[in-house]
Structure formats: C-alpha cells, structure tokens
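I opened my notebook for a friendly look through this fold. Here is what I looked up, entry by entry.

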Amino acid sequence: MTDTANTPDNPQPNTPQPDNAQVPTGESVVLDAKGLRALAHPVRVQLVGLLRKHGPSTATRLAERLGVNSGTASYHLRQLGAAGFVAEDTALGNARERWWRAVHQVTELGDRDLADLEPEATLAYLQSVAATYTLRVQQTLNGLQTMPRAWRDGFDMSDWALRLTADETAALRRELTAVLDRYRRDLPDTAADAPEGSARVGVIALVLPEPDDNPIDNPDGSADGNTGRDTGDDARDMREAEPL
C-alpha cells in the first residue's frame, strides 16, 4: 500500500521535495468524511494498495491475492469506485471482465477537525491501515530466508523509546519525512527510469505518543528514569549476532 499517514495532529510540512521524490499533481487525495468512511475497512485499504502497487487488475485476480472470494472483492471495489478511489479501466475491460485502476497514489488524512467529527470512522480507517502494515511485515518475513543477501542486509526492524515533548515529537516526525523525501518514490510512471537493480522497498514509519503511560515506581519510591533507549539497539544486536 502506498499511503501517507498524515494524521490530523501531525500534518505533513509544506516543504519542497526533490524531483525524484515528488508525487505528481492529482496523484494525492485528502480524505473527507465520505472518503474516510469508504476506506474504514481493511479489505478496501488492501485493494487500493494492490492497485497502486501492481497497476490495473480484476476482482478475481485481486481476490486471489487477498484470499477472499471474488464477490467480496467486487463489492468492495464498487464501493471504492463510488467514493472515487478506484475507477473502471475501460481500455482493458470487456463485456465479461471488469478491470479496475487506482485513481490516486497517496492518501492523506490531514484535516484536524475530521477526526473529531468522525471519531469512529477515523479509528476504523487507522486500524485498517495498521492491519495492512502488519500483513506487509509478515509477508516480508515469510520471504526473508530466500531473499538475496544484499537485500537482507538492508532489512531492519528496530524500535526506540524516547522521552519528548509534543513539539519535539512533531519535529521528529517532520525530520523523518524530510529524510524519506530525499529518496526516489516508487510510482508506476517512474519505475522504468529507476537505476538498474533497483526494487520496491517499503518503509513503514510509526511515531506512537504515549502521554498517559505513567512511569513505573521503583521500590525506593523513585520513578524509573529508564527511557528504554536500548530497545532498538537490542533488536539490531540480535539481528547482527545471528545473520540471516
């Protein structure tokens, strides 16, 4: 899935991007209430993601990828079509088979008020995206042992526990976005121009504030000052100690 997790509390900064990182005009959609409700289902999030990643397809082919029946896929595609996320590709379709294509390459949830107006739909949508991220991680892990060594060396799963203010957290998110903006986007129209040997690489960035997580009291009554900084290091050390 190609999705930009622009949340209401952390909108993307309007900073210029290098040409090889830009999403073409019209390729991004900002969710409104109707779109939010239309995407508040994990199958629909996955359908949009598959069409963005692999290009036009049919309900039957998409159903096989997702492990659902074609009727289910067809129903959700029609709902996505009504909401403007996918459209019928008349150049490929015929009387027997309908082909569908993605209308946009990026979805943005950037309206600060929308989450307050549609809290249930917002939560359902974000949970659907999170479920899709989990599936993508599992798919990569399932293929890790047979992946060429050069690509396995680039694989990473790490986490860090930081103690930040709200402003620092927002700044961290902007800095992470700025780093990713320096790299080439994987878009259908630009894949042919990518360097030889390049492949699709998924980067899933999660910034998870925990403002209600109270420190654990030590036996002497003091609060535990350990921020968990070593969590990410431990994860990397484990991977390096037992190379795949």
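This is a predicted model: local features need pLDDT of at least 70, side-chain atom pairs count only at pLDDT 80 or more; totals for chains, interfaces and linings use all residues.

Before starting on the sheet, I noted the rule I needed: two strands pair if DSSP finds at least two bridges between them.

**Sheet.** I looked up E3 and strand E4 (residues 99-102), and found that three bridges join them. That meets the rule of at least two bridges, so E3 and E4 count as a pair. The two strands run antiparallel. For a landmark, I picked valine 86, which stands opposite alanine 102 in E4. Stepping back, I saw an open sheet of three strands in the order E2-E4-E3, with antiparallel pairing. Strand E2 (57-58) and strand E3 (86-88) are its edge strands, each pairing on one side only.

**Whole protein.** I listed nine helices and five strands. From the N terminus on, I read the order as β-α-α-β-α-α-β-β-β-α-α-α-α-α. Of the 244 residues, 27% are buried. I also checked contacts with a separation of 6 or more: residues 24 or more positions apart account for 69% of them. The accessible surface comes to about 15,900 Å², and carbon and sulfur atoms hold 50% of it.

**Threonine 169.** I placed this residue in helix H8 (residues 166-181). Is threonine 169 buried or exposed? Its relative accessible area is 17%, and the cut-off for buried is under 20%, so threonine 169 is buried. Leaving out residues up to four places away in sequence, I found that threonine 169 touches Leu164, Val207 and Pro209.

Note on methods:
Residues are numbered from 1 along each chain as its sequence is written. Side-chain values use heavy atoms; hydrogens and water are left out. Helices (H or I, at least four residues) and strands (E, at least two) are DSSP runs, numbered from the N terminus. Buried means under 20% relative accessible area, exposed over 50%, partly exposed in between (1.4 Å probe, protein chains only). Contact means heavy atoms within 4.5 Å. Accessible areas come from the Shrake-Rupley method with a 1.4 Å probe; for residues, only the protein chains shown count as cover.
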